[in-house]
Amino acid sequence: LEAKLNALRHYKTEEFIRIGLHDLGGAIEIEAVLNQLSNLAEACVEGAVQITIGELNQRFGAVPNGRFAVLGMGKMGGRELDYNSDLDLVFIYEANEDAESRGGTQGKLGAHEYYVRVGQKLITYLSAPMEEGVAYKIDMQLRPSGKSGPLVCSLDAFREYHKTSSLLWERQALIKARFVAGDPALGK
């Protein structure tokens, strides 16, 4: 696991330097710089999602028909990342009723608990300092209810929150929301 996470950080650093050198050398315009930095972050988040879900599936088993998606918000969602941007992320999952009720049997987790662990590990895997440094700083404050809200929410809960409880600025922030990692169909 440590080797995979260091490889992810090493890849990020190499690409970051490549983009920076092209930027400094005038080989690419600012729009291309922002686009490439956003693509790099997206690739790193996707890699971390795959590592995380692979590890949890091995430990607890997969959630039947479960899906997980990461939405980019703010600069990440708008493809406007700069060299010092953190990643504003929102985690969404969808699982059928049977997956929700499977908690407590044979060491398996309920769907919500499973995806909370995915979210926790994903943040750690991207932001924890390691031999190759930190991949990214993660900001989860744009999720429903901000710091006081759940780390992950079901698609239905996400929709319901924005229909009934979200503030105007939270609905406005959705303008830049876009799928960045995980299940593409759920992300859409």
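Select L21 first: its relative accessible area is 57%, so this residue is exposed (exposed means over 50% relative accessible area, buried under 20%, partly exposed in between, with a 1.4 Å probe and protein chains only). L21 sits in helix α1, residues 2–24 (helices are DSSP runs of H or I with at least four residues, strands are runs of E with at least two, and both are numbered from the N terminus). The model is predicted: local features need pLDDT of at least 70, side-chain atom pairs count only at pLDDT 80 or more, and totals for chains, interfaces and linings use all residues. Residues are numbered from 1 along each chain as its sequence is written, and side-chain values use heavy atoms, with hydrogens and water left out.

Together with L21 they make a nonpolar surface patch of about 360 Å². A patch takes residues with over 30% relative accessible area and no salt bridge, joining nonpolar side chains within 5 Å and like charges within 9 Å. A salt bridge here is a side-chain nitrogen of Lys or Arg within 4 Å of a carboxyl oxygen of Asp or Glu. Areas come from the Shrake-Rupley method with a 1.4 Å probe, and for residues only the protein chains shown count as cover.

Next, go to Y125 in helix α5, residues 111–127. Y125 counts as buried because its relative accessibility is 6%.

Now select A69, L71, I92, L155, F158, R159, H162, L174, A177, L186, G187 and K188, the lining of the largest pocket. On a 1 Å grid over the protein atoms alone, a pocket is an open set of points with protein on both sides within 12 Å along at least five of seven lines; a cavity is a set where a 1.4 Å probe fits but cannot get out, and lining residues have an atom within 4 Å of a point. The space in this pocket is about 190 Å³. Colour by element: β1 (67–73), α6 (155–164) and α8 (184–187) each give at least two lining residues, and α6 has the largest share, four. By class, the pocket lining holds eight nonpolar, two polar and two charged residues.

Finish at the one cavity of 30 Å³ or more. Select M73, L142, H162, W169, E170, A173 and L174, which line the largest cavity, a space of about 40 Å³. Helix α7 (residues 168–173) supplies the largest share of this lining, three residues.

Notes: Points joined across faces, edges and corners; volume = space filled by probe spheres on them. Nonpolar A, V, L, I, M, F, W, Y, C, P; charged D, E, K, R; others polar.
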